[in-house]
Amino acid sequence: MPQIKFDQFEAETLDDADPLRLFRDKFHIPKTKDGNATIYLTGNSLGLQPKSVRGYIEQELLDWETLGVEGHVYAKNPWLPYHEFMTKPMAAVVGAKPVETVVMNSLTVNLHLMMVSFYRPTTSRYRIVIEKGAFPSDRYAVESQLRFHGYSSEPEAVATGYHAAIEKNPVATDPGSDRRDSLIELTPRTGEATLRTEDIIETIEREGDSIAVILLGGVNYYTGQAFDMKAITDAGHKAGAVVGFDLAHAAGNIELNLHDWNVDFAAWCTYKYLNGGPGSVGGAFVHERHAKAFDLPRFAGWWGHDKETRFLMGPEFRPIAGAEGWQISNPPILQMAALCASLEIFAEAGMPALAVKSRLLTGYLETLLAAIENPRIQVITPRELSGRGCQLSIRVQDADKSLFAAIADQGVTADWREPDVIRVAPAPLYNSFADVYKFVEILKKCLK
Ligand SMILES: Cc1ncc(COP(=O)(O)O)c(C=O)c1O
């Protein structure tokens, strides 16, 4: 990066040198009350709308209007195979083969579907590893899976009578088992905000015989820490466990190589970095080596059935080989149209180029924050480039939400996470160096 002088001119010079600068114009940037573009730094929560989305959705509305049910076959983009249009570009985003990738459902639903197949506890190997401070939905999903199989992570589960229900539940693998150690939460060392890879590996090695599944966020939503997914997967496999990741904050943010890393399964949403729109359809990855594991238990539905014979409507479920075999229902075309538009932009920009810009942009943010020299500010996201994506989580000592409100009042859209963290995520597709510069100037002013 060239010498930084910390002024707006320098930020604009960096923007002029940015090979991806024209991508910003492909997005609608929300406006402030006085008509200026907001400084939108919350693509880690909801990505912006590509301008092409409207045309994609209008095409499907038109085909529905004019063709009705015939649109399944005769629409410009036929609805029957519609999800397949996204398979290749989505596989490229997560470093997977098309057979390993499917766009379906939503994130937590997909996590459950993956755990139905891949969490197969035995008497000795029954524990699930997550990170402490995992996104609440992940924790709820994992705990409910543990309970479903007759395990408890919390003493309260006994008090709620959950075990009584399980004893009557023929699905429970180990009915009556009262293991409250079934959830392992990886916790940072005292005084540290993020996990050390060596500590994660050490836990996996130490507890390995009893671990059934390791399920971490590829990038933690709160700290912005990106985990060493390859090292964790290797250690998990060595211990005999299945390894999966929630990639909500990783897909479209960092370069992923799910296939090469040998990850067993993954699930993600597409409304954050992937700009698929509010509540957009999720993604799932199942490694090729499980593609024909038809004996794995799964929750089945007709959309996962062999495509050649699906419409013979036979009584026997025959899953499609690969990730598509985990589908259940026919998918929402209007929502998928938005995602198609966005994935086209990703295919054009390419993850490698986005990752290069992301490092520069977030590095610039980090440098400007350090230059404020305000002891109240601490970036809790790891400094190493391999340990993060575009998000920086800024802890502000003794701050309350009024600081965040003051920043928002100046035209910044970021987000606040209790008790004292502002999350800022310059997205390389549409954020500029000028955005970052202006944000830091506003933060500086508000801190005073
Ligand atoms: C890490 C993580 N997991 C799970 C979820 C829940 O996603 P969904 O509501 O799409 O199931 C989110 C949502 O933001 C998330 O960030």
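Two strands count as paired if DSSP finds at least two bridges between them. Helices (H or I, at least four residues) and strands (E, at least two) are themselves DSSP runs, numbered from the N terminus. With those terms in hand, welcome to this structure. It is a predicted model, in which local features need pLDDT of at least 70 and side-chain atom pairs count only at pLDDT 80 or more, while totals for chains, interfaces and linings use all residues. Residues are numbered from 1 along each chain as its sequence is written, and side-chain values use heavy atoms, with hydrogens and water left out.

**The antiparallel sheet**

Strand 12 and strand 13 (residues 421-424) run antiparallel and are joined by three bridges. One place to look is Arg 417, whose bridge partner in strand 13 is Val 421.

Contact means heavy atoms within 4.5 Å.

Another open sheet has seven strands in the order 2-8-7-6-5-3-4, and its pairing is mixed. Here strand 2 (101-103) and strand 4 (183-186) are the edge strands; each has a single partner strand, so one side of each is left without a neighbour in the sheet. Neighbouring strands are turned by 15° against each other on average, direction ignored.

Within this sheet, strand 5 (residues 211-217) pairs with strand 6 (residues 242-246) in the parallel sense, over five bridges. Val 213 stands opposite Val 242 of strand 6. Helix 6 (residues 136-148) lies across strand 3 (127-131), strand 4, strand 5 and strand 6, at about 155° to strand 4. Helix 10 (residues 229-238) lies across strand 5 and strand 6, and runs at about 150° to strand 6.

**Around the ligand**

Now for the ligand. Its surroundings are Leu 107, Thr 108, Phe 135, Asp 138, Asp 246, Ala 248, His 249, Tyr 271 and Lys 272, where a residue is near a molecule if one of its heavy atoms lies within 4 Å of it. The table lists polar contacts, meaning pairs of N or O atoms within 3.5 Å.

| Residue (side chain) | Ligand atom | Distance |
|---|---|---|
| Asp 246 | nitrogen | 2.8 Å |
| Tyr 271 | oxygen | 2.7 Å |
| Lys 272 | oxygen | 2.8 Å |

On its own the ligand has 400 Å² of accessible area, and the protein covers 81% of that; such areas come from the Shrake-Rupley method with a 1.4 Å probe.

Notes. Polar contact = N/O pair within 3.5 Å; in protein donor to acceptor, adjacent residues only side chain to side chain. Axes fitted to C-alpha atoms, helices over the stretch in contact; angles between N-to-C directions.
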